[in-house]
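Here are my notes on the model, written as numbered points you can follow with the structure open. Take them one at a time and find each residue as you go.

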Amino acid sequence: MKMVDVGAKPKTERVAVATGLLRMQAETRERILAGKMEKGDVLAAARLAGIMAAKRTPDFIPLCHPIALSGVEVTLEPVTEGLTVRVTVRTVDRTGVEMEALTAACAAALTVYDMCKSSDRGMVLDAVRLEHKSGGRSGTWEREPVKKAAASSRPARKRARAGR
């Protein structure tokens, strides 16, 4: 194992966006939004946890470079299934911030779980993923939107397996 040497790389602006979905009961989501959870303001705590986690990512991911972050934005939005977490991390440095964005998304979602587990232990952290990265030698990468055709092909695959 080794930490990649980024010393010869030029400093460039780099941005990464990660998202996650925290599935929960509708009642739990409504209590969070109404500010009626016993431990306090769940959304504020989750935003703060995400920012703190982005800053401390090299402490959790062994080969991740410590870099100076220029900005971290964490948002949590209600959706039918629960809450979505969206994190945007920025830097001007020699390496990207994908791991910081992913770590922050996980920490924000885990904070929601921790603060709400007494009323909904069945919550599920799901679909944590990189949505966007820009900067550096590899340039910009965007996640492809989910296509309806791909979703509709799943039942066909199930039928094919069942016929074996």
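1. Leaving aside its neighbours within four places in sequence, which residues is His132 in contact with? Keep in mind that this is a predicted model. The list for His132 is Val15, Ala16, Val17, Thr140, Trp141 and Glu142. His132 is found in strand S4, and its side chain makes a polar contact with the side chain of Glu142, at 2.5 Å. Is His132 buried or exposed? It counts as buried, because its relative accessibility is 15% and the cut-off for buried is under 20%.

2. Now zoom out to the whole protein. It has 5 helices and 5 strands, and from the N terminus on the elements run β-α-α-α-β-β-α-β-β-α. Of the 164 residues, 36% are buried. The accessible surface comes to about 10,100 Å², and carbon and sulfur atoms account for 54% of that. If you take the contacts with a separation of 6 or more, 71% are between residues 24 or more positions apart.

3. Next, the sheet. In what order do the 5 strands sit? They form an open sheet in the order S2-S3-S1-S4-S5, and the pairing is antiparallel. S2 and strand S5 (141–142) stand at the edges with a single partner strand each, so one side of each has no neighbour in the sheet. As background, strands of a sheet pair through backbone hydrogen bonds, either parallel or antiparallel.

4. Strand S1 (12–23) deserves a look of its own. S1 is joined to strand S3 (residues 82–93) by 12 bridges, and to strand S4 (residues 124–134) by 8 bridges. Both pairs run antiparallel. You can follow the S3 pairing residue by residue: Glu13 stands opposite Val92, while Leu21 has Thr84 as its bridge partner. Over in S4, the bridge partner of Leu22 is Leu125. How many of the 12 residues in S1 are buried? The count is 9, so S1 is mostly covered.

5. Not counting residues up to four places away in sequence, Leu76 touches Leu43, Ala46, Arg47, Leu83, Thr84, Val85 and Val112. Take Leu43 from that list: it is 33 residues from Leu76 along the chain, yet their C-alpha atoms are separated by 6.8 Å.

6. How many salt bridges does a search of the whole structure find? It finds 6. The general idea is that side chains of opposite charge can pair when their charged atoms come close. In one of the salt bridges, the side chains of Arg23 and Asp126 meet at 2.8 Å, N to O. Arg23 lies in strand S1 and Asp126 in strand S4, so this pair ties together parts that are 103 residues apart in sequence. Arg23 counts as partly exposed at 33% relative accessibility, and Asp126 is partly exposed too, at 28%.

7. Glu30 and Arg29 meet through their side chains at 3.0 Å, N to O. Glu30 is partly exposed, with a relative accessible area of 42%, whereas Arg29 is buried, at 11%. Arg56 forms a salt bridge with Asp59, where the closest N and O atoms are 2.5 Å apart.

8. One backbone angle to check: Ala127, found in strand S4, has a positive phi of about 55° although it is not a glycine. Most residues other than glycine have a negative phi. Ala127 is partly exposed, with a relative accessible area of 34%.

9. Last, turn to the surface. Which residues form a nonpolar patch there? They are Met1, Met3 and Leu63, with about 390 Å² of accessible area together. Met3 lies in the segment before strand S1 and is partly exposed, with a relative accessible area of 39%.

Key:
Residues numbered from 1 in each chain as written. Predicted model: local features only at pLDDT ≥ 70, side-chain atom pairs only at ≥ 80, totals over all residues. Heavy atoms only, no water. Patch = residues over 30% accessible without salt bridge, like charges linked within 9 Å, V, L, I, M, F, W, Y side chains within 5 Å. Areas by Shrake-Rupley, 256 points an atom, 1.4 Å probe, with all protein chains shown as cover. Salt bridge = Lys/Arg side-chain N within 4 Å of Asp/Glu carboxyl O. Helix = DSSP H or I, 4+ residues; strand = E, 2+ residues; numbered from the N terminus. Buried < 20%, exposed > 50% of the residue type's maximum accessible area, 1.4 Å probe, protein only. Pairing = 2+ DSSP bridges. Contact = heavy atoms within 4.5 Å. Polar contact = N/O pair within 3.5 Å; in protein donor to acceptor, adjacent residues only side chain to side chain.
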